[in-house]
Amino acid sequence: MIDYTEKIPNNVDLGRDRVLQRALEHWQPAYMNWWYDMGPSDTNALEVYLRTAISVEPDGWAQFGYVRMPEYRWGIFLQPRDENRAVNFGVRKGQPAWQEVPGELRSTLRRIIVTQGDTEPASVEQQRMLGMYCPSLYDLRNIFQVNVEEGRHLWAMVYLLHRYFGRDGREEAEALLERRSGDADNPRILGAFNEPTPDWLGFYMFTFFTDRDGKFQLCALAESGFDPLARTCRFMLTEEAHHMFVGETGVGRIIQRTCEVMKENKIDDPSDVRAMGVIDLQTIQRYLNFHYSVTLDLYGSDVSSNAANYYTSGVKGRFEETKISDDHLLSDAEYPVSEVIGDKIVIKNVSALTALNERLRDDYIHEIEAGLNRWNGIIESTGIPFRLDLPHKGFHRAIGNFAGHYISPRGEVLSQEAWKKREFEWLPSPQDYTYVLSLMSGRVVEPGKFANWIAPPRRGINRQPLNFEYVRFN
Ligand code: BYC
């Protein structure tokens, strides 16, 4: 029997909700089994300096202290309800926001919640071995923080399934613990979540690029007319910011270290750079190309009737929907999307309703560009003449109008043969992965020490010093 108020911090009155308690009595032990099987490898005894959300108040959502991860208190939190909130877009615009699932939207909403929920445990599975070769205690603590919070985000979606979708919801919640990232028979739902994350450069790229897709998808769902979904996503977004910080600063610190070594030793040839035990900027560019392109796929097809239906019915809005000044119906509006015709990429206007996946992708790209500029600022400040670039939107795409076409990073439409010939100029080769992994052969766990291939961060977590014991090995 679970002590609900103590063990599962929540603001959903779990202590009095018998139906939810019964659902969780089955699901919580299955979740723990999943964590023991698929959570970070070999970590049950470690004490980790983690933040835990114990309430939604400013002083409650980030309580720091040492925790053994299996004892982490995965809670259920929704942003407090605004009684006056209305549906803000689509044909039901102006109606009071729905507190229960409208019957005709049940399967649509369930599907979106399941897709979102599926990504959370998937990312934990993808990252489960990385703790075995961490570059520092600081980084080890950060990956564990990301992992436990992805676990909490799974809880958030499972709460919605249990509370609002009855028996179907309970079955879907169980299936979320059964699919496995990369499994041939029962894979995770979306492509990027079946790719391996074999090394720390990949982890930081993932948290920069793919967690940011999480941010944009959560922002779109935070506009939903289904109020519990909107409020759940709003609270998840408070945690997401740290994940993207880990990614951006992680890649930034690798870039910084590489540039310092290049400058000190007056070298720029990638093989000379590798000889110094750091990651050459060309390899960083190839990782970037990979993670950016697989993440762009996560937004779905450029032209999608599903996306139009989600919007029209009030289920999923645009990024910052309520800050946009238009009719929020989009019945006559148009939006530009790309298409490949012959050997040319052409832009054509389509109904803005069907182009909502593309629009969200463009909002995302805009934010990515700003992050990329900050990385280039690090390179510039060391005086190294090199720039990281974003590849063309059509490069290496498997979903949408570019799928099946061979687009170079500069946006040329190539034959399959011409593209394949240059594939490993643009994407990490098996040798690149082997090299990067070779740097990460052992754990760096002495407080204050950092692996040779990454610079220390500017400051510690929660104002602790860099040599703080972020993880205790007992
Ligand atoms: N891979 O009309 P279409 C995060 C499927 S990340 C495989 O183009 P639609 C996180 C699609 O399901 C954010 N299949 O797209 C980050 C559909 O299947 P059916 C996750 C794909 O329906 C880091 C078909 O193709 N959040 O939180 O508009 C760490 C045609 O669909 C892919 C969400 O996803 C793909 N990449 O779907 C941890 C939000 N893309 O119907 C966490 C919820 C599409 O033909 N999901 N398909 O069988 C949604 O809003 C939508 O489902 C999508 C776009 C954004 C995925």
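This is a predicted model: local features need pLDDT of at least 70, side-chain atom pairs count only at pLDDT 80 or more; totals for chains, interfaces and linings use all residues.
Helices here are DSSP runs of H or I with at least four residues, numbered from the N terminus, and Asp 213 lies in one of them, helix α6. Helix α7, which covers residues 227-265, is largely enclosed by the rest of the structure, although a kink of about 35° is centred on Thr 238.

- The kink in α7, of about 35°, is centred on Thr 238.
- Of the 39 residues of α7, 29 are buried, so the helix is largely enclosed by the rest of the structure.
- Just after α7 comes Lys 266, which takes a positive phi of about 50°.
- Helix α9, formed by the 17 residues 281-297, reaches 25 Å from its first C-alpha to its last, which is close to the 24 Å expected at 1.5 Å a residue.
- Helix α9 is mostly covered, with 16 of its 17 residues buried.

**Helix pairs**

- Helix α3 (residues 106-126) and helix α6 (residues 200-221) have axes that come within 12 Å and cross at roughly 160°; because angles over 145 degrees count as roughly antiparallel, α3 is roughly antiparallel to α6.
- The crossing in which α3 passes α6 is left-handed, and the contact brings Ile 112, Gln 116, Ser 123 and Gln 126 of α3 to Phe 206, Gln 217, Leu 218 and Leu 221 of α6.
- Helix α4 (residues 137-164) packs with helix α5 (residues 166-176) at an angle of about 155°, their axes being 6 Å apart, and that angle makes α4 roughly antiparallel to α5.
- On the α4 side of this pair the contacting residues are Leu 154, Val 158, Leu 161, His 162 and Tyr 164, and these meet Gly 166, Gly 169, Arg 170, Glu 172, Ala 173 and Leu 176 in α5.

**Two aspartates in helices**

- Asp 213, in helix α6, has a relative accessibility of 5% and therefore counts as buried, the cut-off being under 20%.
- When residues up to four places away in sequence are left out, Asp 213 touches Thr 295, Leu 298, Tyr 299 and Tyr 364.
- One of these contacts, Thr 295, is 82 residues from Asp 213 in sequence, while the two are 7.0 Å apart in space from C-alpha to C-alpha.
- Asp 272 is found in helix α8, residues 270-275, and its relative accessible area of 38% makes this residue partly exposed.
- Between Asp 272 and Met 262 there are 10 residues of separation in sequence and 8.8 Å in space, again taken from C-alpha to C-alpha.

**Positive phi in loops**

- Glu 320 is not a glycine, yet has a positive phi of about 55°; this residue is found in the loop between α10 (305-312) and β3 (334-341).

Definitions and conventions: Residues are numbered from 1 along each chain as its sequence is written. Side-chain values use heavy atoms; hydrogens and water are left out. The expected span of a helix is 1.5 Å times one less than its number of residues. The bend at a residue is the angle between axes fitted to the seven residues ending there and the seven starting there. Buried means under 20% relative accessible area, exposed over 50%, partly exposed in between (1.4 Å probe, protein chains only). Axes are lines fitted to C-alpha atoms, for helices over the stretch in contact, and angles run from 0 to 180 degrees between N-to-C directions. Angles under 35 degrees count as roughly parallel, over 145 as roughly antiparallel, 65 to 115 as roughly perpendicular and the rest as oblique. A crossing is left-handed if the near helix is turned anticlockwise from the far one by less than a right angle, and right-handed if clockwise. Contact means heavy atoms within 4.5 Å.
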